[in-house]
Amino acid sequence: MLRKLLTLNIFSKIVAVAVAAAALFWLVRTLQLVPARPFGEPTAQNPTRAGPQTAQLSAATTPLEVTYSFEIDSDGDGLTNAKEFVYATDPLRADTDGDGYPDGNEVNNGYDPTLAGSARLPDEPANLTQRFLKWAGNPPSLEPSRIIAFLDSQLDLGFRLPDIATSSVRIARPSNAAGLRQYLAAARDLALPEETAPYNELAHEALLGRLDGAEATLRKLEALSQVWQQREVPPSAQELHQNILGLLALGRELFADLRLSRSDPVRIIWNMDRGKALAAVAKNIEVQITGLEKQP
Ligand SMILES: [Ca+2]
Ligand SMILES: [Ca+2]
């Protein structure tokens, strides 16, 4: 019996905002809402100029009193506060590695500001924001159109579902029709609780230094993954099962990445784009379920 499309509700949540281009810009716009109100009391070095149009960005994860901003440079080293997060330097220390060269000077000349001496920044760092800034000629802020062009140009960033080894699937023996029906019903019901916030909302929270929502979703995804990894799978549903596990694995990866919202905002924007591809996979899984339900 066909039920309403409950299946993969979970991933429609992941991709809820990914589908709208506006959502992609939303995060970037937030980043550009500068100067932002410093959390805590304004300092002489970093006077608050907050108005109704500015975002209050706090740094709950760091004791440093700095504003996450692509305009403010609290320590005057040529690297704005947000970029200090991106390059993992100290936003209140002009020369993080103490080698006599200011952080901004090092980054602008391709040197690693966290390693004293002449260590170069890697050509293709894992941090996508670093890669983007290098690719774009180190612009002062994050331009949505430039980020899209960058992501389009990086062919190695294409969408791919994590590989799930066949050997990791627990095949149910002997196979029977009742077992298959039970499995497919569970697949149709796969969903996160309704209160789970969409990805862009969680990303916004993370940018504000609040990771509670992202962590809660991640825990739910991990619990779901465990249940599905342990599930016995009818032989005819093996491929479907691998796709479901792959989808769950990628979901975990995307939500775990929210911890990187401040240090790698371009990755989060890429994830929103990957969410769109994930929606297509989810749709395909649904088709697989329907196909198996119709099997005699
Ligand atoms: Ca700085
Ligand atoms: Ca230095």
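Which residues are buried in H9?

**View 1. Helix H9 and its buried side in the predicted model.** Ala214, Thr217, Leu218 and Leu221 are the buried residues of H9. Around the helix axis they cover an arc of only 100°, which puts them on the same side of H9. The helix runs over residues 212–230, 19 residues in total. From first C-alpha to last, H9 reaches 27 Å, close to the 27 Å expected at 1.5 Å a residue.

**View 2. The two faces of H9 and its packing partners.** Helix H8 (199–207) and helix H10 (238–256) are what the buried residues of H9 pack against. Turned away from the buried side is a face with the exposed residues Asp212, Arg219, Ala223, Gln226, Val227 and Gln230.

**View 3. Phe85 in helix H3.** Helix H3 spans residues 81–86 and includes Phe85. Phe85 counts as buried because it has 23 C-beta neighbours inside 10 Å. Leaving aside residues up to four places away in sequence, Phe85 touches Tyr68, Arg262 and Ser263. Phe85 and Ser263 are 178 residues apart along the chain, yet their C-alpha atoms are separated by 4.9 Å.

**View 4. The largest nonpolar core.** This core has 46 residues, and those with the most contacts inside it are Ala187, Ala203, Ile244, Leu247 and Leu258. Elements giving two or more residues to the core include H3, H8, H9, H10 and helix H11 (265–293). H11 supplies the largest share, 9 residues. Domain 1 (9–27 + 158–293) and domain 2 (35–126) each contribute at least three residues to this core. In soluble globular proteins, nonpolar side chains tend to be buried together.

How values were computed
Residues are numbered from 1 along each chain as its sequence is written. Chains are lettered from A and ligands numbered from 1 in the order in which they are written. This is a predicted model: local features need pLDDT of at least 70, side-chain atom pairs count only at pLDDT 80 or more; totals for chains, interfaces and linings use all residues. Helices (H or I, at least four residues) and strands (E, at least two) are DSSP runs, numbered from the N terminus. The expected span of a helix is 1.5 Å times one less than its number of residues. A residue is buried if 20 or more other C-beta atoms lie within 10 Å of its own, exposed if 12 or fewer, and partly exposed in between; C-beta atoms are placed from the backbone. The arc is that of the directions from the helix axis to the C-beta atoms. Two residues are in contact if their C-beta atoms, placed from the backbone, lie within 7 Å. A nonpolar core is a set of buried Ala, Val, Leu, Ile, Met, Phe, Trp, Tyr and Cys residues joined through C-beta atoms within 7 Å. Domain bounds come from an automatic or database domain assignment.
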